[in-house]
Amino acid sequence: MSSTRWKKLWRDLQAARGRMIMMVAAIAVSIFGVGAITSAYTILMREVSRNYLGTNPASAYIELERVDDVLVESVKAQPNIAEAEATSWVMARVEVSPNEWRPLLLFVIPDFNALRLNTFKSEEGAFPPQEQTILLERLALPMTNAKVGDAINVQTPNGQKQSIVISGLVHDPGLAPAWQEQMVYGYITPSTLAWLGESDTLQILKVKIKDGSSNQAAIESAVSDLAAWLKSQGHTVEEIRIPPPNMHPHQSQMNSILFMLLIFILMALVLSAILTATMIGGLLAQQIRQIGIMKAIGARSSQITSLYLVMIAALGLIAVILGVPFGVAVGRGFASVVGELLNFTIYSNAIPAWVYVVELLMGVLIPLLVALNPILKTTRTTVRETLNYYGTTRETVASRGLVSWVAKLRGVDNTLLMALRNTFRRRGRLILTLSLLAAAGAMFITGLNVKTGWETYLTDAASYRHYDLELRFNAPQSEAQINSILATIPEVQKVEAWNLNPAALVRPDGLDIVRTYPDGGHGSFSLRSMPPESKMMEAPLMTGRTLQPDDVDTVVLNQMSAAFFPNAKVGDTIQLTVNGQTATFKLVGIIKQILTPATAYVTPSTFAATTGQPAPMTNAVRIVLSQHDAQTISAASGAIESALAAQKISTKVSITETMLEGATSGHVYIFIYSLILISAVMAVVGVLGLMSSMSTSVIERTREFGIMRAIGAKSQTILRNVISEGIFIGLMSWITAVPLSLPLSWGVDYLVGMLSFRAALPLILSPLAVFGWLLLVLLGAVFASFYPARQASRLTIRETLAYV
Amino acid sequence: METKSVKQNQVQAKNEARLIELRNVVKAYDVAGGKFVALKNVDMQVGAGEFVAVVGKSGSGKSTLINMITGIDNPTSGEVLVAATPVHELDHEQLAVWRGKNVGVVFQFFQLLPTLTVMENIVLPMDFCGTFPARERNARALALLEKVGIAEQADKLPSDLSGGQQQRAAIARALANDPQILVADEPTGNLDSHTSDAVMQLFAGLAAEGKTVVMVTHERDLTRFFTRTITLADGEIVAGAK
Ligand SMILES: Nc1ncnc2c1ncn2[C@@H]1O[C@H](COP(=O)(O)OP(=O)(O)OP(=O)(O)O)[C@@H](O)[C@H]1O
Ligand SMILES: [Mg+2]
């Protein structure tokens, strides 16, 4: 800072300390936002695959009547197979409080220490589990209301209720978190399974293919070769499961979150650029006369330009230094929250160097880029123009019209009129400030709109289900018998058969390939019988019609299953493989069903004809109770269970409404957190922008205020004048933000909805968001204009008139 | 060494009878209703070492005229030659450098930079134009302040000075790069008659030393200081163009 012009720059920075701090804060806030999001993004992307791929997930799961060591060894010797292993999955249930059961998915592991595919790690206690004990997934433990060392009651389809000790915990990142799925995951040995009352024969062959293990088509062809070989060896292939390769069950959910965050990053970038432009505009407005003087005494435009560019780069650098650590901290925090929600262990918090480079470039380059044009424009104006600059432009006809219209209103005093007129004086800056605030407001409102849309979607999903319990039986039962047993339970009001059978897409090789994860929920496809004119399920028709009682071989798909037939229209025929047979249906309608896996609905008679399960039998029923509160449901399900057990009918799962709600709300949290975080950043940026614009306008008019006060205006009047102007700008931005939020919300609703449910979220203008933002923007406006106004009203008249 | 080059300049200036020459200069401003012609085909000359007053009614075009000489504004048509430099042909960058070295400008409202001390304000033009070695700049600034009689104010901020002192500082700043020509627009307009006399003495002394001074003024009782008076009316020179 030896040379005088740098000294001048430094002193100017000090003199305008408040504004400089604001500018640094504004850039720092957006750097923070972008930094938080990119940090979280890079950490999550890396850790998801590290966690999921770290388990070495199998490419496919083949269900056979029996998988023994000899078979495993000979499968390993097959040309395309890299690894093979035997396992079994048993859907059992666990009693979490007297008579309240939750589904328990048992993974049967022959040798815990030699596990190669779908691995998991010991977290606590025994590993491998002692005989007749069980290991639980770490997130499943709290759902059992037990501790490690406690015994829990477990019942398998063919066994009795059995008490078993939890001997340890494992972390299995390959599964969707237990609490989200409302399913307990347990790990046992085959002999423990036998002790629980099931056969110890393993039935699932897990295989990993050699090449192209991330390529769905390669996997399918390798697996189909393997299946053909298995058949040639005399094995019966019951079912083949190929989950989406190398994708965590919640990968698409996370992708949609990250995608949405990415959209907002881009918007935040635009905002920060607008904000920087506003601030630099203000800075130049304040300095324009001095620029004129410097040029009059011999400064070249390039000298002045570089002076300001260096200053802006320095401010940007300070902002980066301040913003980056916060962004990194919050990004890491966010990643760890998401990691916890998705049951990942974040092995490393490291953020790749390019993130820092991007932040540095953004913090320094964006302000420089947006500043370049106004700086060049200012430094290139003739000296005469700069010396004559008073910071105002002529009123436009429109603004004059508005002002005179307001003047006609009763009770509008002169202060307000002056405020209004001031607002329109600098049209360019007004537009900039307005767009900044409106954009921030629109994003804030959009964030909350999407949140409301999401929640509405979920409550709709719940409100479309008009039943309290669903029972699935281990084997088909006589419907009449079930009805008569259930009739003895006083709370049961209505029972309907909703039979269920797994289905698969038809393949030329005739294999039953379903796209499911081991937990069976994600990506599964089932065929269900729907009693025509049932009142238990309501689903908005997207196209076509609903099922009619006399329909034969017709099908109604929900949007998840329709996605498997991208070209099918109502009236077309579609084919499904059910129990190894190809069945052909006429598509009559598509319904929208939220949080329901891919399902094809048919009439009971069509179901019987397709599956071969005789019509008087049923394997799943839905029940409406007299009361719908959690207590009644729990009591009734206990009573139903014991009544059925007395008749030796064992149920596989019973799903209650509360469990579904628990499962679904889990998916929402991450969205809500991220939207709120982003909205908050936007709100801060918006208010900072208004503040900078207000202080610029006040600084420009300092001399004018001096004159006003010299001719008798009170400081109070000036304060009120400026604050009215701020509020006025805030109101105008609010009026712009609300309609702007609609297309934005629509777009985000569409993207997020399509990515997570294959159906757009409903567009809802949240009143809370609209009025919440109004309140925020008004408070922000008062806050933003109070500070500069007070500064101006505190200067003595002599000082204001001497203002250059 | 410096003094030698200054002397050479002066010799050169003496030889050049027409240090400042305006040929057929027209200046038109764009205004709401079309164009307003503020200077109408003005021809004028100023010789080296002259102390010229530009007078005329308010709005007659005085400021516009001297802005042509300093290059603060450019003519719509016509030629402006200052020390044989075609000012009207220079672009902004060239103008800035040229003005910094050849013309010292003094404004009515002093226009010192508020965040720099008086001394620093005077060093600034040397800094921009790189005219004197950095080590010598402070000493030169102090010498100039002494010359205008406010050396003891060197370390104060402009806002702490009286109007007369600020104008002296502004004159010292105009002299910073040792220009041949000083141009001032109503430099005494904001000063009382006693102070304005002192400031005029200063200009007269500078003219006597060989500087060429062109000054806009309203005040009649200052005519005794000038070697010539150019009178403007409605954008035309009505007397004193030579
Ligand atoms: N930027 C401008 N745009 C339009 N017209 C202008 C502009 N600057 C000056 N004028 C007009 O040109 C004419 C000459 O103006 P100028 O400033 O040269 O007058 P002046 O003689 O210096 O007056 P004063 O003694 O009041 O300073 C005036 O009528 C003025 O209205
Ligand atoms: Mg003038």
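Trainee: What do the side chains of E120(B) and R11(A) meet in?
Mentor: A salt bridge, with N to O at 2.6 Å. Keep in mind that this is a predicted model.

Trainee: OK, and how many salt bridges are there between chain A and chain B?
Mentor: The count is 3. For polar contacts between chain A and chain B, you get 6 residue pairs, both residues being at pLDDT 80 or more.

Trainee: Which helices of chain A supply the side that touches chain B?
Mentor: α1 (4-15), α7, α8 (301-341) and α10 (383-387) each give at least two residues. The largest share, 7 residues, is from α1(A).

Trainee: How many residues are in contact across the two chains?
Mentor: 28 residues of chain A with 28 residues of chain B. Together the chains bury about 2,600 Å², and 61% of that is on carbon and sulfur atoms.

Trainee: Switching topic: how many residues does the largest nonpolar core have?
Mentor: It has 116 residues, and M294(A), Y308(A) and W773(A) are those with the most contacts inside it. Helix α7 (residues 251-296) of chain A brings the largest share, 17 residues.

Trainee: Which domains does that core draw on?
Mentor: At least three residues come from each of domain 1 (1-52 + 250-387) and domain 3 (390-462 + 665-804) of chain A.

Trainee: Back to Y308(A), what does it touch?
Mentor: Leaving out residues up to four places away in sequence, Y308(A) touches L284(A), Q287(A), I291(A), M294(A) and I375(A).

Trainee: And what about a second core?
Mentor: That one is separate and has 64 residues, including A86(A), L135(A), L175(A) and I188(A).

Notes. Residues numbered from 1 in each chain as written. Chains lettered and ligands numbered in written order. Predicted model: local features only at pLDDT ≥ 70, side-chain atom pairs only at ≥ 80, totals over all residues. Heavy atoms only, no water. Core = buried A, V, L, I, M, F, W, Y, C linked by side-chain atoms within 4.5 Å. Buried < 20%, exposed > 50% of the residue type's maximum accessible area, 1.4 Å probe, protein only. Helix = DSSP H or I, 4+ residues; strand = E, 2+ residues; numbered from the N terminus. Domains from an automatic or database assignment. Contact = heavy atoms within 4.5 Å. Buried area = accessible area lost by both parts, 1.4 Å probe. Salt bridge = Lys/Arg side-chain N within 4 Å of Asp/Glu carboxyl O. Polar contact = N/O pair within 3.5 Å; in protein donor to acceptor, adjacent residues only side chain to side chain.
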